[in-house]
Amino acid sequence: VQLQASGGGSVQAGWSLTFSCCSSGSITEIDAMNWYRQNPGNQREFVAGFGTSGTANYAESVKGRFTISRDVTKNTMYLQMNNLAPEDTATYYCYVFAFSPATRWKPFWGQGTHVTVSS
């Protein structure tokens, strides 16, 4: 199972950007789908995610600006980011906690995709 994240780049403050994260492999069940971000020297922090109930949750710093979504037919999750600010600059990671026959239940991380927001 692999997660492939894409969509990073350099943007101006106020712009929008969408990340996508596609899973490949024999995942048969997903318990959690989240986005995290991290800057050098800092801990990885939760940005947005779907819990077991399917309800979307967001960090306070991104509420009202970011939207997480998913397309199960494409095994893909998205993070729509609007009104980006310099403090959103980070490497973003997608994460799933999922079951596959080969690995059973385990966490999977994407490789990270970076956004730089300039003022």
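Which backbone oxygen does the side chain of Arg65 reach, and at what distance? The side chain of Arg65 reaches the backbone oxygen of Ser61, at 2.9 Å. This is a predicted model, in which local features need pLDDT of at least 70 and side-chain atom pairs count only at pLDDT 80 or more, while totals for chains, interfaces and linings use all residues. Residues are numbered from 1 along each chain as its sequence is written, and side-chain values use heavy atoms, with hydrogens and water left out.

- Arg65 lies in the loop between strand 6 (56-58) and strand 7; strands (E, at least two residues) and helices (H or I, at least four) are DSSP runs, numbered from the N terminus.
- Arg65 counts as buried because its relative accessibility is 16%; buried means under 20% relative accessible area, exposed over 50% and partly exposed in between, with a 1.4 Å probe and protein chains only.
- Not counting residues up to four places away in sequence, Arg65 touches Gln80, Met81, Asn82, Asn83, Leu84, Ala85 and Asp88, where contact means heavy atoms within 4.5 Å.

**The largest nonpolar core**

- The largest nonpolar core has 27 residues, of which Trp35, Leu79 and Tyr92 touch the most other members.
- A nonpolar core is a set of buried Ala, Val, Leu, Ile, Met, Phe, Trp, Tyr and Cys residues joined through side-chain atoms within 4.5 Å.
- Two or more residues of this core come from each of strand 1 (2-6), strand 3, strand 4, strand 5 (45-50), strand 7, strand 8, strand 9 (90-100) and strand 11 (113-118).
- Strand 9 gives the largest share of this core, 5 residues.
- Tyr92 touches Phe19, Trp35, Tyr36, Arg37, Val47, Phe66, Leu79, Met81, Gly112, Thr113 and Val115, not counting residues up to four places away in sequence.

**The largest pocket**

- The volume of the largest pocket is about 260 Å³.
- The lining of the largest pocket has 17 residues, and the closest to the pocket centre are Ser23, Ile30, Met33, Val72 and Asn75.
- On a 1 Å grid over the protein atoms alone, a pocket is an open set of points where a 1.4 Å probe fits, with protein on both sides within 12 Å along at least five of seven lines, and lining residues have an atom within 4 Å of a point.
- Grid points are joined across faces, edges and corners, and the volume is the space filled by probe spheres set on the points.
- Strand 3 (17-24), strand 4 (29-38), strand 7 (66-71) and strand 8 (76-81) each supply at least two residues of this lining.
- By class, the lining residues are 9 nonpolar, 5 polar and 3 charged; Ala, Val, Leu, Ile, Met, Phe, Trp, Tyr, Cys and Pro count as nonpolar, Asp, Glu, Lys and Arg as charged, and the others, Gly among them, as polar.

- Asn34 is found in strand 4 and counts as buried because its relative accessibility is 9%.
- The side chains of Asn34 and Tyr36 make a polar contact at 3.3 Å; such a contact is a pair of N or O atoms within 3.5 Å, of which, within protein, one must be able to donate a hydrogen and the other to accept it, and residues adjacent in sequence count only if both atoms are side-chain atoms.
- Leaving aside neighbours within four places in sequence, Asn34 is in contact with Phe46, Ala48, Gly49, Phe50, Met77, Tyr93, Cys94 and Tyr95.
- Ala98, in strand 9, is buried, with a relative accessible area of 0%.
- Ala98 and Ala32 are 66 residues apart along the chain, and their C-alpha atoms are separated by 7.2 Å.
- The contacts of Ala98, leaving aside neighbours within four places in sequence, are Ile27, Glu29, Ile30, Arg104, Trp105, Lys106 and Phe108.

**Loop positions**

- Gly112 lies in the loop between strand 10 (104-109) and strand 11, and counts as buried at 15% relative accessibility.
- Glu87 lies in the loop between strand 8 and strand 9 and counts as exposed at 60% relative accessibility.
- Glu87 and Val117 are 30 residues apart in sequence and 7.6 Å apart in space, C-alpha to C-alpha.

**Positive phi values**

- Most residues other than glycine have a negative phi.
- Asn83 has a positive phi, near 50°; Asn83 is in the loop between strand 8 and strand 9 and counts as partly exposed at 48% relative accessibility.
- Arg104 has a positive phi, near 60°; Arg104 is found in strand 10 and is exposed, with a relative accessible area of 52%.
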